[in-house]
Amino acid sequence: MYEDRQLGNHNEQTSTSPDSILVPRRRRPALSCTVCRRRKLKCDRALPCSQCVKSKTPDLCVYSGPAQGQPLETRPIRTASDRANVPNNHTSPAHGGLYVFDSRHQSTNRITKPKGRPEEVQELRHRVQVLESALSRAGSIQTPDSSACESVSDYGPRVTSDSLLLSEDVKYLPGRACFRGKNGKTRYCGRCHSALSFSFVIQRRGLLLSRPSHAEEVESPEYLKLKKFRGEMLSREKQDHQRAYREKAFTLEEMLPHRRVADELVNLYLSTFETTYRILHVPTFLKQYETYWAGTETTDMAFIAKLLAVMAASSCFFSPTTRLNENDTLHSAAGGWIMAVQSWISSINVSSTIDFNMLQIQCILILARQADATDGDVVWISSGSLIRSAMMIGLHRNPARFPKMTRFWAEMRRRLWATILELDLQSALDGGMPPSIDLDEYDCDPPSNYDDEDLTEDVTEDVIPKDAAMITRSSFQVLLSRSLPLRVRVAKLVNSLKFALSYDEALRLSEQLVQYRDNALALFPDNASISISPESLQFTRSFLMFIMVRFLLVLHRPFSLSVQLSPKFSYSRKICLESSLEMLSQLDAPAVSLPEAQACPHLGQLSGGMFRDEFFHAAITVCVEVSLQASEFSSSKQPPGQLSSLSSLNDLVRSQQDVLVRAVEHTLDTFGSRISPRGKGCKAFIFLAMALASVKARLNGEDALRKVEQVAAKSIKDCERLIRGKAWADIRREDGPVVPDTLAPVLNSAAPEIPFDPALVPYESASVSAPPGEQASNHAVAYLLANWLISFGVFSTRREKLKLGIDHNQAPREDLAKFGEAAVQSGKITRQTLNRLKRQEAIMANSAEHYPLFVAAILVALHAGVSNDIINRIGLWYAVSRLAFGFCYKYIESLKLSFVRSFFWWSGNICCFTAFWFASKKL
């Protein structure tokens with residue numbers, strides 16, 4: 001019945017309105033931005049809207065019309081007059097209506113709308129505002145529709161025309177370079193990893209294999225030796241790891257070195273890393289530090305773990321061969337500290353122990369692992385776990401939402417959350433992975449520019465943050481937090497599985513990165529600051545430059561590697577070369593005024609994680625550029641005998657290539673000097689040597705395959721010799737200089753002597769010296785004993801008196817006075833012999849009087865921390881001066897030549913004064 005009634009009504013309507021038809025009716029245009037429509041939020045229709053600004057995604061705020069192919073609503077037109085107003089495909093829109101043109105969806109139907117529609121006027125007004133704001137921007141103009149085309153749609157990533165110009169390796173990542181291993185033992189590297197750039201220079205396995213047949217691959221001896229060496233290194237690393245776990249798992253307090261060593265390492269950490277990654281509240285930490293050494297309170301194991309992590313992080317600024325005691329180097333001890341703290345955390349890791357102190361320890365551990373090359377390649381796994389632990393205690397939420405939160409703890413939580421986000425972002429780039437957290441998953445505010453002294457636990461009233469122009473310990477973090485959303489977006493776009501970043505968008509992001517970098521560096525003056533020392537200020541400035549340049553390289557490398565397919569990406573090629581050279585320039589150590597080097601708190605001293613891999617990647621980028629220039633240069637060569645009008649330009653290009661090659665050679669030399677006795681750093685050294693050999697062979701027209709095989713074999717031998725204790729300086733001396741002297745750093749990177757020498761403290765764990773071959777051993781005791789023997793043994797007259805028969809042991813000091821003249825009168829000895837014996841007794845007396853001055857000079861120099869090399873030279877200088885003084889005193893009888901004796905006497909005095917002068921410089 002119901003169906004019949006409905007059918008009857010339909011027939012009645014059809015019969016009564018035979019002329020009625022169904023025409024498409026245009027839907028109401030969408031006025032909200034695409035993000036608010038997707039999130040079902042109210043949009044204020046600004047550009048960017050308040051919702052996008054609040055969610056920290058202003059770059060995604062775009063406006064667009066209806067999607068293509070979306071069905072339109074229909075309405076019946078019942079009268080003939082109405083049908084007359086319906087335009088066909090060829091009707092002009094000039095019949096009292098307004099024609100709406102959509103640049104993206106050019107439909108064949110043109111719809112006439114009545115005049116005075118407020119939605120249409122508002123839409124047109126909004127389009128005009130968008131165009132005006134786009135014109136005011138620097139860069140490409142983006143309309144709402146074009147922006148929508150370039151943004152990520154609701155149903156998947158966009159596909160742009162730029163993806164057709166990219167290299168296949170950039171889009172899909174080469175399997176042999178970015179996916180290594182087989183079956184269950186594999187390793188994946190993302191798009192911003194150095195493996196992608198390295199694959200553009202040489203194929204590692206292909207260049208080390210002999211030319212195989214199709215039946216089977218015949219591996220060359222060099223490749224087999226490389227595999228064997230790699231297996232030995234992995235086995236050695238695993239054994240060291242297990243040994244450290246067995247021996248030093250839960251003895252945290254027993255692992256602490258002497259306080260003099262701890263003071264040096266703690267102060268170094270507070271002046272470097274604590275000015276970049278804010279983890280500690282410095283006054284509180286120093287108060288706990290003094291309390292521990294005073295022994296007035298019960299030992300807090302959490303503080304001991306934090307102290308060991310701090311010392312492990314700052315130990316990276318010392319040479320890999322610097323020794324902590326007779327058994328361990330400082331770097332091996334730092335690895336043991338890291339292992340012990342990790343074991344301690346694992347032993348108490350329950351839900352009730354996850355607190356602020358535990359997160360601080362884990363942050364410092366991640367920093368230490370990256371700086372010391374202790375499992376720095378897998379830090380991204382730990383950073384993801386750290387983020388989840390931080391979210392469990394609510395660090396990702398705005399502290400203002402918790403009424404019981406004091407001002408001190410609110411700011412400390414903001415600092416630690418910003419540090420955790422930054423550590424995760426940097427570790428994600430190390431492996432070419434996307435960051436672990438999205439910007440929409442937290443609402444914690446960025447930290448403020450407070451000095452630690454102004455922020456205490458008992459503060460009750462609001463503390464006004466310092467102006468951004470005032471440099472504090474928090475200035476670096478405050479400035480870096482401003483660009484965090486932009487850098488997270490760059491990391492996600494570049495490291496996504498499907499690369500869909502358009503080149504116009506990349507240029508816009510690059511411009512913003514450069515603007516953030518320039519604005520931040522403008523706040524760091526070159527002179528000293530009030531709050532922090534000039535050395536800390538320089539380290540902070542260089543660290544900020546390192547991070548911003550790193551993201552510029554991450555953004556532009558995919559396009560730079562595809563420049564051969566499209567000249568459109570030439571700007572990215574230029575940016576990559578300039579940024580890589582700028583980054584490699586930070587490998588040079590600062591100049592020092594004394595012969596020995598101070599502790600080197602600069603980025604080039606760091607040897608692991610992002611610090612090593614990014615320098616290696618920058619050097620590989622320079623090799624890619626030289627390889628491209630070699631290809632272009634060879635293709636543009638004129639036939640022999642034909643004059644070229646571009647000969648001067650070719651000479652200029654060749655000179656530029658020489659400069660780039662020398663920069664890579666200098667980097668390779670630095671990598672060789674940073675290889676630790678445990679073998680850390682061998683991989684980067686060997687692969688960079690292979691890449692450089694390939695580039696040189698192409699420039700010189702040689703066989704690249706043969707050259708790379710030779711250099712690979714030699715690099716493996718060099719690494720083996722370094723692990724066995726050979727000094728890098730000796731290896732370079734045997735092979736000849738690798739880098740011209742004009743490019744050598746002022747501080748000798750082959751053996752940076754660190755004046756970390758609390759050697760006079762009567763504890764074995766406090767003596768620091770280097771093994772033979774790399775840094776001179778401390779021979780102070782040997783020289784003290786030698787000069788005592790010279791004074792009381794070599795210059796003693798006892799032997800000669802026994803030989804002449806005038807020795808009387810009852811009163812030996814009166815032998816010559818009582819029995820000498822009698823011996824001369826009896827003819828037993830001559831007057832000349834007696835005078836020589838008297839002068840020899842005077843030599844011994846003078847030496848006995850002078851010896852305490854030498855002992856005092858050596859002890860003061862040791863106490864002040866003067867380098868072993870200078871102490872050894874002073875000891876040798878004094879010994880030679882005293883021997884020469886005694887020889888001249890004994891055998892020179894002429895009055896005219898007696899000044900020679902005085903010369904050597906003053907030489908011994910000046911030697912001691914020199915030791916005092918060096919000590920005064922230290923104290």
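How many helices and strands are there in the protein? There are 34 helices and four strands, where helices (H or I, at least four residues) and strands (E, at least two) are DSSP runs numbered from the N terminus.

The model is predicted: local features need pLDDT of at least 70, side-chain atom pairs count only at pLDDT 80 or more, and totals for chains, interfaces and linings use all residues. Residues are numbered from 1 along each chain as its sequence is written, and side-chain values use heavy atoms, with hydrogens and water left out.

**Figure 1. The whole protein and its confidence.** The mean pLDDT, the predictor's confidence in each residue from 0 to 100, is 75 for the protein, and 70% of the residues reach 70 or more. Where pLDDT is low, the predicted coordinates should not be read in detail. Of the 923 residues, 48% are buried; buried means under 20% relative accessible area, exposed over 50%, and partly exposed in between (1.4 Å probe, protein chains only). Residues 24 or more positions apart account for 73% of the contacts with a separation of 6 or more.

**Figure 2. The loop between α2 and α3.** This view shows the loop between α2 (34–39) and α3 (50–54), in which P48 is found. The peptide bond from L47 to P48 is cis, with omega near -5°. R45 lies in the loop between α2 and α3 as well, and its phi is near 65°, a positive value in a residue other than glycine. With a relative accessible area of 33%, R45 is partly exposed. An unreviewed UniProt entry gives the annotation "domain: Zn(2)-C6 fungal-type" to residues 32–63; UniProt positions follow the numbering used here, feature names are shortened, and annotations may be inferred rather than shown by experiment. The span 32–63 is 34% helix and 0% strand, and its end C-alpha atoms lie 7 Å apart.

**Figure 3. The loop between β3 and β4.** N183 is placed in the loop between β3 (179–182) and β4 (185–188). Although N183 is not a glycine, it has a positive phi of about 55°. N183 counts as exposed, at 74% relative accessibility.

**Figure 4. Helix α17 and its surroundings.** The 14 residues of α17 (379–392) reach 20 Å from the first C-alpha to the last, close to the 20 Å expected at 1.5 Å a residue; the expected span is 1.5 Å times one less than the number of residues. The buried residues in α17 are V379, S383, G384, L386, I387, S389 and A390. Their cover includes α16 (356–371) and α18 (407–431). Just after α17, G394 takes a positive phi of about 85°.

Figure 5. S481 sits in helix α19 (residues 475–482) and is buried, with a relative accessible area of 17%. Not counting residues up to four places away in sequence, S481 touches A418, P446 and P447. Helix α21 (residues 503–522) has 20 residues and reaches 28 Å between its first and last C-alpha, close to the 28 Å expected. Its buried residues include Y503, E505, R508 and R517. What covers the buried residues of α21 includes α19, α20, α22 (534–560) and α23 (570–584).

**Figure 6. Cysteines without disulfides.** Zero disulfides are present in the structure, a disulfide being a pair of cysteine sulfur atoms within 2.5 Å. C682, in helix α26 (residues 682–700), is buried at 4% relative accessibility. Beyond neighbours within four places in sequence, C682 contacts F229, I675, C719 and I723. The sulfur of C912 is 5.2 Å from its closest cysteine sulfur, in C911, again too far for a bond. C912 is buried, with a relative accessible area of 1%.

Terms used
Contact = heavy atoms within 4.5 Å.
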